[in-house]
Amino acid sequence: MELLEAKKIMDEKLGDYKIMALASCVDDYPMVRNVSCVFYNDKIYFKTDKNFRKTQQLFKNDKVAMCFNGVQVEGTAKSLGLVVDEPGRIFEKKYKEFLWQSYNAYSHIDTEILIEVTPKFVEIWDEDENRNAFQLFIDFDKETVEYKPYD
């Protein structure tokens, strides 16, 4: 399987937005919480308050893992500053379209920052059209894909 085909499977499973579990760790203290994500530019974006514990962890250790329904993403997170300062305000538009309740409740707070997660390694558990389980491993740094049928 080629990288573009594997990426297409990942994109189809994630869609335009999802609420994903976000795991981070600092000083051997792991935390997991849900974040509302949108996907574009081959990255994952979410907003959060710059004062929250999860954000403080991300400032100290940018390595994260995210998960939704059989798709696990390992990558790095970085702050892009205030949500309203993003060029073109792409995140704000998509967030308003897909997650309008959260948008209306929180988007106007001046401590809301935009976090960008760059996927480094993705593991997908899925089934083919015959309901045969498989794992798909995508290494974005090495640009390799491994397809593994699950027996």
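Is W125 buried, partly exposed or exposed? Here are a few friendly notes on that residue and its surroundings; please keep in mind that the model is predicted.

1. To take the opening question: W125 has a relative accessible area of 36%, so the residue counts as partly exposed, given that this class runs between the 20% and 50% cut-offs.

2. On aromatic pairs in general, the structure has six of them. One of these involves F121 and F137, whose ring centres are 6.2 Å apart with 35 degrees between the planes, a tilted arrangement. F121 sits in strand 6 (residues 112–127) and F137 in strand 7 (residues 133–139), so this pair ties together parts 16 residues apart in sequence.

3. F121 is partly exposed at 24% relative accessibility, whereas F137 is buried at 16%.

4. Back to W125, which pairs with Y150: the ring centres lie 4.9 Å apart and the planes meet at 70 degrees, so the pair is edge-to-face. W125 belongs to strand 6, while Y150 is in the segment after strand 8 (144–149), so the contact ties together parts 25 residues apart in sequence. Y150 is partly exposed too, with a relative accessible area of 48%.

5. K47 is found in strand 3 (residues 43–49) and counts as buried, at 10% relative accessibility. What does the side chain of K47 contact? Its partner is the side chain of E112, in a polar contact of 3.2 Å.

How values were computed. Residues numbered from 1 in each chain as written. Predicted model: local features only at pLDDT ≥ 70, side-chain atom pairs only at ≥ 80, totals over all residues. Heavy atoms only, no water. Phe/Tyr/Trp six-rings, centres within 6.5 Å; stacked < 30°, edge-to-face > 60°. Helix = DSSP H or I, 4+ residues; strand = E, 2+ residues; numbered from the N terminus. Buried < 20%, exposed > 50% of the residue type's maximum accessible area, 1.4 Å probe, protein only. Polar contact = N/O pair within 3.5 Å; in protein donor to acceptor, adjacent residues only side chain to side chain.
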